[in-house]
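Before turning to particular residues, please have the sequence and the coordinates side by side.

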Amino acid sequence: MRFALTQISYLLAAGLFVFSLRWLNQPKTARRGVAAGVAGMAAAIFGTLLYPEIVGFGWIAIAVAVGTIAGIPLSRVPLTAVPQRTALSHAFGGLAAGLVGTAKYALWLPEGALTPFRTGAIAIEVLLGFLTFTGSLMAAGKLQEVIPTRPITYPRQNLINLTLLGIAVASGVWLVIDPTRWMLFPVIVGLSLLFGVLLIIPIGGADMPTVISLLNSYAGLAAVAMGFVLDNKLLITAGALDGSSGFILSVIMCRAMNRSFTNVLFGAFGQVQVAAATGEARPVKSATANDAADYLEHAARVVVVPGYGLAVAQAQHRLREVYDQLTKRGIDVKFAIHPVAGRMPGHMNVLLAEADIPYESLVEMDDINRDLPQTDVVLVVGANDVVNPAARHDKSSPIYGMPIIDADKAKMCLAIKRSMNPGFAGIDNELYTAENTLMLFGDAKAMLGEIAKALTGEGGGGH
Ligand code: NAP
């Protein structure tokens, strides 16, 4: 009876996890996806708690208390800090897998219960778990800028890293052959911890979101190995879902930046950034909020390109006000969504959803690019790299080949940002000096607020 109940709750949990991922695919169903994930996890915990003799309620209560105390402040970070918060979650996941593997090895060794299969699964779990732990901590540190975000490189780096990984894998294989050679175990643990650090330090801060989703996939694979160690099918299923979705997301992000996996992992992207931000000064035309309101008001078709600056300024609600004013006048307003705008996948979708901007007005990059030549005004709000035309034609540019939103092809471009400073890739953007571009210098929230005011006829724009 108890066995059947556990199996049913595990089956329910696995189904809910699959639906959760499916629903998280669309902003419309994302909330339902989160609820399904939470319900799935509750079902999984329920099924596991039916075996108190294995798990021990006392330990679980302590873990729940510690998890809650650490989790609540972590859930309150601003949206812009979500990538590093996610990295911390992966670090905990990796650490948990590594510790479970270590505990199982220590328990099974004196009992002589270490079959080659179990030892192999433990070795994989420990290797992936601990490297995910330190790797994710490094990624979080880079994103939070507590450690240098620039790539830290030294000669023969890739060779040294691969050699260390090779020694760790060879030690694992040796342990499978002879599980009683326990001194190999700390070697695997130590090398995995070290490899996690060395794998991440040569990668620049700009690539951290991609690296984080890759580490997500490692944490998932560590959970799969843990499932084999603990003989828990749900853990295997959930780990596989986690591992594959993390991997797919990394592939999508690499494609959106026109980078290959090897380039992200071994390319030390970001080194060129400072040097690239040069180029002759071209005249910049600036305008006021009142001018901008005037142009927008007289347009039939407006496309808004949101970027990282919108998130920094938390200007989504002001943007909504401008949107309301324009749509009220019958103007067609669309939002162009670049897959890597902001600092994490779906960043712009989440921001715009916060301001209740209708999903139907959000258009993916490829679709909106077809409409841009017929667009009267494109309003760029705190976006930079994702609208940089150099990506199309400048072979020397670090973002060359990255698909962009063709804001420069619209009849007119209004760009809100505080200065002529570059964006994340650290390079100049010729869009801002183009013939048909007017710069609106200022904080996005303040500037959009003034434009909204001017549109409502309250005046007080930037004159
Ligand atoms: P971006 O290129 O980083 O540019 C953001 C711009 O916002 C800056 O030029 C900045 O100019 C402006 N800004 C900052 N604070 C502002 C404020 N308070 N008010 C107004 N403007 C403000 O951003 P993006 O165009 O969204 O491109 C994203 C970049 O991140 C890409 O290079 C992408 O490859 C990278 N990336 C993203 C992801 C992802 O998952 N989304 C993953 C990996 C890498 P001022 O300082 O002059 O104001």
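A patch is built from residues that have over 30% relative accessible area and no salt bridge, with like charges joined within 9 Å and nonpolar side chains (Val, Leu, Ile, Met, Phe, Trp, Tyr) joined within 5 Å; a salt bridge here is a side-chain nitrogen of Lys or Arg within 4 Å of a carboxyl oxygen of Asp or Glu. Accessible areas follow the Shrake-Rupley method with a 1.4 Å probe, and for residues only the protein chains shown count as cover. The model is a predicted one, in which local features need pLDDT of at least 70 and side-chain atom pairs count only at pLDDT 80 or more, whereas totals for chains, interfaces and linings use all residues. Residues are numbered from 1 along each chain as its sequence is written, and side-chain values use heavy atoms, leaving out hydrogens and water.

On the surface, Leu21, Leu24, Val34 and Val38 make up a nonpolar patch with about 330 Å² of accessible area together. Helix H1 (2–24) and helix H2 (30–49) are the elements that give two or more residues to this patch, and valine 34 belongs to H2. Such helices (H or I, at least four residues) and strands (E, at least two) are DSSP runs numbered from the N terminus; the chain has 19 helices and six strands.

Of the 463 residues of the chain, 47% count as buried, a term that means under 20% relative accessible area, with exposed over 50% and partly exposed in between (1.4 Å probe, protein chains only). In helix H13 (residues 289–297), the residues Ala289, Ala292, Ala293 and Leu296 are buried. They lie on the same side of H13 because they cover an arc of only 100° around the axis, the arc being that of the directions from the helix axis to the C-beta atoms. The buried residues of H13 pack against several elements, among them strand E1 (301–306) and helix H15 (316–328), where contact means heavy atoms within 4.5 Å.

E1 leads on to the strand pairings, which require that DSSP find at least two bridges between two strands. E1 and strand E2 (residues 332–337) pair in the parallel sense over four bridges, and valine 304 stands opposite phenylalanine 335 in E2. E2 also pairs in the parallel sense with strand E3 (residues 362–364), over three bridges, and there leucine 362 is the bridge partner of phenylalanine 335.
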